[in-house]
Amino acid sequence: MARVGPIDQREVERLVADPARQTEARGVLRQWLDASPKTMTYQQWLHRLPPATAQQPIAIVSSFTTEIIAPFLEVEAYLSGWRPSMRYVQYTQWQNSLLDPSLLGPSRAVAVLFHHAELLPAGARDARGAIARLRSLVEAFRRRASTPLFLGLVEAPPVVHAIGFGEDSGKGMGSLVAELRMGTAELAARTPDTHLLDVHASALASGDWYDARSFFATRSVFTHKALPRVARSIARSMACLFRPRRKVLVLDLDNTLWGGIVGEDGVDRIALGTEWPGSAFVEFQLRLRELRRSGILLAINSKNNEADARAVFEQRPEIVLGWNDFSAHRINWNDKPSNLIAIAEELGLGLDSFVFADDSAMECALVRSTLPQVEVVELGADPSSFMNRVLQTQAFDTLHVSEEDRSRAESYSAEVARRELQAQVTDLESFLADSDLRLTIRPAEPKTSERIHQLIGKTNQFNLTLERLPKEGIHALIAGGSALYSAALSDRFGDYGLIGALHLEATGDELRIANMVLSCRALGRGVEDAMLAFAREVAAAGGRRRLRVVCSRGPRNQQVFDYLGKVGFSMTELDGGRVDCRIEVGDGALPWPRYVHVDRPQEETTTQ
Amino acid sequence: MKDADIDAGLKAIFSTILGVPLESVDDSLSTESCAKWDSLNQIHLVNAIEEEFEITLEFEDQMRMLSFASASAIVRAALAPA
C-alpha cells in the first residue's frame, strides 16, 4: 500500500505525525481507508497513529461479541477527532451492566448494541414486552448514571418475510422488529442524554454484513466487511461529545452556489433552476438553509465583482438563499485566506471554528497550507455530491440542536444591523445608549443547564478559570441550590439568548467567583460590568468584604486579565498559570453600567 | 501464486496483527509460543487472510489454524488449482 489515487503513503504518515496538521491528516487518512477498508489497512494505521494526549473512557455494552471492533473503532475515533480507551462487557452481562452501571467503571459514553432476537423471542406476538424490557433497562441506568447512552438496535439474525410460515409482509417478525425500532427511537427521544446509533444502517451499507455461522458459533454478528462502517457510526456519534461543533461554513459562489461564472456567463446564464445541473445547485442551497437553521453561520468568500454577485441574489428567482442569510460577505479580488481572516474578525469567532468549501482545488490547497486550523472541503465538479462532502467532514455533527443554536444565525443577522448603527453613530456611549440593552440574571435551572454547560465548555475568550464543569457537576450545583446564575441578553435589534454564567461561593469574609463566562457576542457592551456589579451586590448583601477569583491563563483569555486589571482587581501570579485576583467591595467598586438595564434576583444574602 | 509469495504475504499479516517483528514470524510461531495470539486475534488473522488472499476459509480450517505452519498449509490448499 504505497499509494491511493494521488495520495502517497509517506505523505499521509508525515501528516498524521504532525500535530499542527491533524485536520488535513484525518481527511487524507479517511480517503485512504475508504479506498481499502480492510483489516490489514486498519491494523497498519493503528500502529502509526500519533500518541494520544487524552483518551476518553467509553464502554461498549452488547448482546453479542463486540471486542473484535476495537482496532477499527480506535482508528475511526482518531478520524473523528478523539481517542478512546475502551471497556467491553461480556454479552452475558449486557442487561446486568445497565441495571448496575458501576460494572462499567467511569465512562464518558456508553454504546448499547443489541440484536432484536435477544428481546423478541421467536413466536412473539407483539413487541410491547420487548420495548418494555428495553425501557426498564434504560430507565434503570438513567436513575443511577448520567453518562450519555447510545442505543444501537441490530436486526440480527436478518428477518426475511417468511412465506413458509404463512407470514405476509404486514405481519410476522418483520413488523415486530419495525415496532421495536420505533419504540427504541421514542425511548431515546424522551430519555435525557440518550441517542440513537445507526449501526444497522451502517452494517447494511457494507453489503455482506452478517454471517449466520459466526453468529451461532462465536456469537459475533458483524462480518469483517461491516466492522469499519459500524465502528465509524459509533465513533462519529460519540465524537459529538468530545469535540466542538464548528460554527461557520464559508462558501465560494461560482460553481459552488450556482453553476457557471457570473462575471463571464452573465446573471441570466448561470445554472440555477429545475434542470440539471441547476437543480443540484438549488438542492445544495436548500440543504445549506437547513444547516443554517441548525445554528451554522454561512458566509461568502468569492473572487468576483460584488455588483455581479448581488445581481444573482436580486434577479434570479430560483435562488434559495438570500443575501441576508449570509452573516458575512467578502466578494473581492483579495486572496481567500486574507478574506477568511477578515470574516473571522468580523464575526468574532476563531478560525478553528471555520469550514471552507470551494470547487477549486487550488484555492483549497492555498487555504489548507496557510490556515491549517480551517477545515477545507474540496467540492469538486459534481454539485449533487456537494452536501455529502460538507457533512462527511463531521464538522457540523451534533446530537442536539438547542433553541440557542436555532436562533444563532438570526442573531448574527441582527449583529449586522447593530454594526450598521454603530458605523452611523460616532461614539460608543451613544450607540450603547441607543441599543436598549437588557440583561436578565436568574438562578440556574434544569431547563437552562444544557446551555450553561455549553457556555462553560465552549467559551475560551471570556472564561475566568477555564474550568470545564461536566454536565453532572452543573446538575449537582442546581440540585444543591448553589449560587449558579445564568445571564440572558437582548437589545432592540434582537435576542442574544443565554450569553453568560456566574458561579459564586461564599467563604468567610470573601465571596469567591468560582467561575464566570461570557459569550464573545456579548462582550464590550457593559455586560461584563453588570455581571461583576451583581457579584459585588451579592457580596455586600452577605456582609462579605471582598470579591476574589483565582483565574487561569489560557491561550485565548488574555482579555480577562486586561479587563479585571482595568476595573480595579489586584492580581498576584500563582504557579501553573493561575492568577489570584481580588477587589474590596466597598466605596464605589464595580459600579452598575449606565446603559444596561439589569433584571436580577433581589434577595441575595445567602450563598453556599 | 508461488509458495514463497504466500508465505511472504502471511508473514506480513501475522507481524501486523500480532505486533511482532517480521523476522520473528516463522513456522515455530503458534498460539502456544505467542501470548498475543489469543482468540480475538485469531479472528483478526482469519479476516485479514481472507481479505488479502481473496479466499474464504472453511470454518474447520479457521479452528485448526493454530500455528504459522498450519496457516501456510491451509492457504496453499485454498489457492491450489482445483
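**Domains, a parallel sheet and a helix contact between chains**

A:Met40, A:Gln43 and A:Gln44 of helix H3 in chain A meet B:Ile13, B:Thr16 and B:Ile17 of helix H1 in chain B; two residues are in contact if their C-beta atoms, placed from the backbone, lie within 7 Å. By class, this contact of H3(A) with H1(B) holds three nonpolar, three polar and no charged residues. Here Ala, Val, Leu, Ile, Met, Phe, Trp, Tyr, Cys and Pro count as nonpolar, Asp, Glu, Lys and Arg as charged, and the others, Gly among them, as polar.

This is a predicted model, in which local features need pLDDT of at least 70 and side-chain atom pairs count only at pLDDT 80 or more, whereas totals for chains, interfaces and linings use all residues. Residues are numbered from 1 along each chain as its sequence is written, while chains are lettered from A and ligands numbered from 1 in the order in which they are written.

Helices (H or I, at least four residues) and strands (E, at least two) are DSSP runs, numbered from the N terminus. The axes of H3(A) and H1(B), the latter spanning residues 3–18, come within 9 Å and cross at roughly 50 degrees. Axes are lines fitted to C-alpha atoms, for helices over the stretch in contact, and angles run from 0 to 180 degrees between N-to-C directions. H3(A) and H1(B) are therefore oblique to each other; angles under 35 degrees count as roughly parallel, over 145 as roughly antiparallel, 65 to 115 as roughly perpendicular and the rest as oblique.

The contact as a whole takes 10 residues from chain A and 11 residues from chain B. On the side of chain A that touches chain B, helix H3 (39–46) and helix H10 (212–218) are the elements that give two or more residues. H3(A) gives the most to that side, with four residues.

Within chain A, the domain assignment, which is automatic or taken from a database, gives domain 1 (37–242), domain 2 (248–392) and domain 3 (436–599). The centres of domain 1 and domain 2 of chain A, taken over C-alpha atoms, are separated by 38 Å.

Chain A also has an open sheet of five strands, in the order S10-S9-S8-S11-S12 with parallel pairing; two strands pair if DSSP finds at least two bridges between them. Strands S10 (326–332) and S12 (375–378) of chain A stand at the edges, each with a single partner strand, so one side of each is left without a neighbour in the sheet. From one strand to the next, the twist averages 20 degrees. Strand S8 (248–251) runs parallel to strand S11 (354–358) in chain A, joined by four bridges. A:Leu251 has A:Ala357 as its bridge partner in S11(A).
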